[in-house]
Amino acid sequence: MSAKEEILSRITAALHDAPNPGPVPRDYRTTSDMAEAELIELLVDRLEDYKAHVDVVDAPGLPATIVERLKDATSYVIPHGIDERWFDAADTRLRIDAPGAVLSVSELDETSAVLTSSAVSVAESGTIVLDGTANQGRRAISLVPDHHVCVVPVSSIVRLLPEALPRMDITRPLTWISGPSATSDIELERVEGVHGPRQLDVIIVKGL
Amino acid sequence: MSNVFMGMPALPVFGDGNLHIEEPFPAAAHRELGNTQMRANLRHATHTIRDKRLKVVAELPDWEELRDAGSATKDLVMANLPALLEEFEKNFTARGGIIHWARDSHEANKIVADLIREQNTTEVVKVKSMATQEIGLNEYLEEQGISAFETDLAELIVQLGHDKPSHILVPAIHKNRTEVRDIFLKEMPNVDPNLTDEPRLLAMAAREHLRRKFLSAKVAISGANFALADSGTLAVVESEGNGRMCLTLPETLITVMGIEKLLPAKEDLEVFMQLLPRSSTGERMNPYTSLWTGVTEGDGPQNVHLVLLDNGRTAALADKYGRTALNCIRCSACMNVCPVYERTGGHAYGSTYPGPIGAILTPLLTGIKSEENSSLPYASSLCGACFDACPVKINIPEILVHLRGEDVDSKRGTKKLPTQMDLMMKGAGWAFSSGKHLALLEKGLPFGKLAAGRDKKIKRLPGIAAGWTQSRDIPAPPAQSFRDWWKKDHTPVAPTHQQEN
């Protein structure tokens, strides 16, 4: 008998006297209504609690805010699908990561920052989801550089996690980010900044 | 459920690995209690996390509804496990992942070592994983000439300190910042000799130490927090980004996961990803969660494996009173609130799984008769704090009592002569069966008073009752029983209703 067959038959034997469980009660909150201003306020509060830096801007102000946030970067990477109005193609610090023209791990390690968009955000928990589509790029680019500038369109913000999941394509490689990298491993006190980006700047964009 | 069971149930097959405790809990606890530094560290850490957890749990108006959904989902998973495992395998395989099944720790270890060898490397990076801790993977790989580098900060502290984990979430919880600094100074090559004990600087030192490993590793090993059957998706929940590094940069990823980790569908994440972070680190959400479904071209590892592990889980599932222990999502809330764990620490439990959940899970995985594991269900005052804290509502006190019964029953058949406990219980049964029996026994009270002597304390009881007086005295019994006193002091008021038998 293969290991699979044996384990499955052990389970079947183990369950011979198991009761049939009832349906799962889903009486928790799955919908909400919150005005846009409150939603933004909640997300900002949560992200700042995680020690992320947050800007809230109108769409026309986005490029200038990006320039400001990246002003100290010696170099930065963007995924190939970033809106071309968001960056200056002539910037010599710019590196574009695209299928067929990917940066190596050591090139990413020498890159000081990364600019991405995001797929969906959960205000209540301060969580931003990246799904690897063309304006967010493959996972490595938002991981290896030490400074992540992340754009969150207001239309992608929901209040609750149950409202966010239907917006996610679960078979894509997903990264849920709630603040910069942190640890609670020493005396269970949270300290920001370990292996992932130590600096997280979030730009929430109204009208986008 | 589509599986129809026919015939007699087979005997359960128990697990092995780092689950068999060598020393009975009372002896280990007694020794650990002497470590006052550890007790101070644990008190500080467990109280910090309790307050944080309570604060973030109180924020959610639907916490109890989430617990109900979590508990019911896990019950559903266990009842439909064969079908869900098949569904998961089909979807994970369709997306380019490769599944391996392992009956026990030895089989799992061998599968992993062979997969590493196929990549012609002798170094791997690891994300914290209870399953690989349980099967003793690091020790096995070392025997095979493969070095496994733990990348979680707490695991790194334990590994560098040649120590053992004492908590499932924060394995180095028994060490304070100064002790961590000392370990780094002694064991970490190229560390700054002026390193202070500030946690932020200690975390930076770990970053420097592991950076090259992450960027150059060819193979990573991980556990998994959840697996979604309807899509074949795996999830790892973490804080530091070491998980993202391991799950993203190497070409080969090998995940080891217990068969009970499945969830039916994507929507179940909306429950568990609210329950888990708030219960474990007391955060609204952990900094990073990674989800992957087989292989994604051009993004992350292209050689993706999953080892599905039994190692006693089917034996635990066969215990109809204990099977809900498998619903555990390894959040560690139960140990953080446990008065026993807070004082003895995790090492006293001797198994990969300490604390209240460990006291039930360990003997369920190995069988109650394994070595000293039968002492674990007694490592509790049955106060019930663990049950209240459990995000999936595992009734730990009830299972502890059930396992104590299993232990007593398993020993009953093996002894020819009745034990002291048997005789005491028999005596108690006789005494409490009738008022007359009790009255007769109570005539002995003045002798108790005599035995207590001048300071009116009995300091040592004979036989097994000596365990009770080991850490406390019994006050001298009164000269007369309550019933005698009542008879003398109270004349019946309404004799017409009095019926003497």
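**Salt bridges and sheet**

Analyst: Glu187(A) and Arg177(B) join their side chains in a salt bridge, 3.0 Å from N to O. Please note that this is a predicted model.

User: Where do the two residues of that pair sit?

Analyst: The pair crosses between chains: Glu187(A) lies in the loop between strand 10 (182-183) and strand 11 (191-192) of chain A, and Arg177(B) belongs to helix 9 (residues 177-187) of chain B.

User: Is Glu187(A) buried or exposed?

Analyst: Glu187(A) counts as buried, because its relative accessibility is 13%. Arg177(B) is partly exposed, with a relative accessible area of 24%.

User: Which residue meets Arg29(A) in a salt bridge?

Analyst: Asp62(B) does, at 3.1 Å from N to O. This pair also crosses between chains, from the loop between helix 2 (36-58) and helix 3 (63-79) of chain B to the loop between helix 1 (3-14) and helix 2 of chain A. Asp62(B) is buried, with a relative accessible area of 4%.

User: How many salt bridges are there over all chains?

Analyst: The structure holds 52. Some are linked in a network that includes Asp45(A), Arg46(A), Glu59(B) and Arg284(B).

User: Now the sheet. What is the strand order in chain A?

Analyst: The open sheet of six strands runs 1-12-7-4-2-3, with parallel pairing. Its edge strands are strand 1 (53-58) and strand 3 (94-97), each pairing on one side only.

User: Which strands does helix 2 of chain A lie across?

Analyst: Helix 2 (residues 36-49) lies across strand 1, strand 7 and strand 12 of chain A, at about 175 degrees to strand 12. Strand 7 and strand 12 pair in the parallel sense over seven bridges.

Technical notes:
Residues numbered from 1 in each chain as written. Chains lettered and ligands numbered in written order. Predicted model: local features only at pLDDT ≥ 70, side-chain atom pairs only at ≥ 80, totals over all residues. Heavy atoms only, no water. Pairing = 2+ DSSP bridges. Helix = DSSP H or I, 4+ residues; strand = E, 2+ residues; numbered from the N terminus. Contact = heavy atoms within 4.5 Å. Axes fitted to C-alpha atoms, helices over the stretch in contact; angles between N-to-C directions. Salt bridge = Lys/Arg side-chain N within 4 Å of Asp/Glu carboxyl O. Buried < 20%, exposed > 50% of the residue type's maximum accessible area, 1.4 Å probe, protein only.
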